[in-house]
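Subject: Handover of a structure, with notes on its contacts

Dear colleague,

Please find the structure below, followed by my notes on what turned up in it. I would be glad if you could read the notes with the structure open beside them.

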Amino acid sequence: MMNRTSIKPLGRSGTSLVAMKGLNNTSSFSLAQAPLSAAKTKGGNQPSSTPTYIEFPTSPQPPDDHTGYHANHNGTIVHHTHSKHPLAEITLSELFTCSGCKEFGTGRRYACQDCDYQLHHFCALSPPSLKAHPFHGQHQLVFHAKPKQVKAGIVWPRCDVCCKSTKGFTFRCRVNSCNFQMHPCCAMLSPEIKFPNHPHQLKVLPPGNALLGGAGGGHDQSGMVCGECKKKRSSGRVYSCKVCDYHLHALCAKSMINGLQEYGIKPPEKPNMLGTAARLASQVVIEFIGGLIEGFGEGVGEVLIQNIGRGRRSSNRRRIA
């Protein structure tokens, strides 16, 4: 069992995605030759001749236990989720959304030269299964390219590590009665990590909020302020410092896996979909009532509008109180 995430050395290509797309019309273009004519990016160099074998923090996987992709002789791969085009391993500083797990990333990735399909390197090279993962050692986890939807497709299931929605690639427990699942990025996290922004070793706390003694000092995880985002979270795994009172959400720890921490990029905040839907619904009601004014007469319509206005003001006062 490994103590921390390890990734075997990977040759980085400096190929610009823009440069790749610009060469699409050149019939003699070869992905293996791209770095010779493309501009270098951070950490760029010649691509490796074979894809990297990624080691997740789990029991060792044999190098041939990666059936999700086929390696070409020129260093590209053909992934089973995008078999029509080869994917080249490149390094870019721009933020992107992984076509596999649907999460943000930057830096190392596998990208298609013919379309916008891009995968995190750990998503592209994920094994078909994980055995004895420290976050779920009791069962084997199986790789799934499509998410598992529940409640008639209304609610996305959530990762048991970071508690974000799982909308694409996931590792799911193979036991039907067990609902454990996690993103490939979360699967790259280890029980103990060294986060670049903190001088001490961090250890993941047991799942759940109530910690009775031991790690966390008996504190409620939901009351812990993350040293990275400066916020509290009521769900998701939390890392705690062995030396001082420093805590780190697993969600924030993912930034050292997906490249965001290395390149100093903060993922954009997503809008509150519930609030947006409520505002749209309110606007529809107002427009509907406005259209009834002519049918019922201005007096009735004005009374309806005034009642809605009173309701909004009363709601705002309750929020302030």
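To begin with a question: does C173 count as buried or exposed? With a relative accessibility of 9%, C173 counts as buried, where buried means under 20% relative accessible area, exposed means over 50%, and partly exposed is in between, with a 1.4 Å probe and protein chains only.

Before going further, please note that this is a predicted model, in which local features need pLDDT of at least 70 and side-chain atom pairs count only at pLDDT 80 or more, while totals for chains, interfaces and linings use all residues. Residues are numbered from 1 along each chain as its sequence is written, and side-chain values use heavy atoms, with hydrogens and water left out.

Cysteines

The structure holds zero disulfides, a disulfide being a pair of cysteine sulfur atoms within 2.5 Å. C173 is accordingly in no disulfide, and the nearest cysteine sulfur, which belongs to C178, is 3.7 Å away. For C226, the closest cysteine sulfur is that of C252, at 3.8 Å, which is too far for a bond. C226 is buried, with a relative accessible area of 1%.

Aromatic contacts

The structure holds three aromatic pairs; rings of Phe, Tyr and Trp (its six-membered ring) pair if their centres lie within 6.5 Å, and planes under 30 degrees apart count as stacked, over 60 as edge-to-face and the rest as tilted. One of the pairs is F143 with F169, an edge-to-face arrangement with 5.0 Å from centre to centre and 70 degrees between the planes. This pair links distant parts of the chain, since F143 is in strand β9 (residues 141–144) and F169 is in the loop between β9 and β10 (170–173), 26 residues apart. Strands and helices here are DSSP runs numbered from the N terminus, with at least two residues (E) for a strand and at least four (H or I) for a helix.

Another pair is F143 with F171, whose ring centres are 5.6 Å apart and whose planes are at 70 degrees, so this pair is edge-to-face. Because F143 lies in strand β9 and F171 in strand β10, the pair ties together parts that are 28 residues apart in sequence. F143 counts as buried at 14% relative accessibility, and F171 is buried with a relative accessible area of 0%. F169 is buried as well. One aromatic cluster is formed by F56, F143, F169 and F171.

R237 lies over the face of F135, at 5.4 Å from the ring centre; the criterion is that NZ of Lys or CZ of Arg is within 6 Å of the ring centre and within 35 degrees of the ring normal.

Salt bridges

A search of the whole structure finds four salt bridges, each defined as a side-chain nitrogen of Lys or Arg within 4 Å of a carboxyl oxygen of Asp or Glu. Among them is the bridge between K164 and E103, whose closest N and O atoms are 3.5 Å apart. K164 lies in the loop between β9 and β10 and E103 in the loop between β5 (87–97) and β6 (104–112), so the pair ties together parts that are 61 residues apart in sequence. K164 is partly exposed, at 29% relative accessible area, whereas E103 counts as buried at 7% relative accessibility.

E103 also forms a salt bridge with K254, with the closest N and O atoms 2.8 Å apart. Since K254 lies in the loop between α5 (250–253) and α6 (260–263) and E103 in the loop between β5 and β6, the parts tied together are 151 residues apart in sequence. K254 counts as buried, at 3% relative accessibility.

Four strands form an open sheet in the order β12-β13-β14-β15, with antiparallel pairing; two strands pair if DSSP finds at least two bridges between them. The edge strands, each pairing on one side only, are β12 (192–193) and β15 (247–249). E192 has K203 in β13 as its bridge partner, and E192 also forms a salt bridge with K242, the closest N and O atoms being 3.2 Å apart. E192 is in strand β12 and K242 in the loop between β14 (238–241) and β15, 50 residues apart. E192 counts as partly exposed at 24% relative accessibility, while K242 is exposed, with a relative accessible area of 51%.
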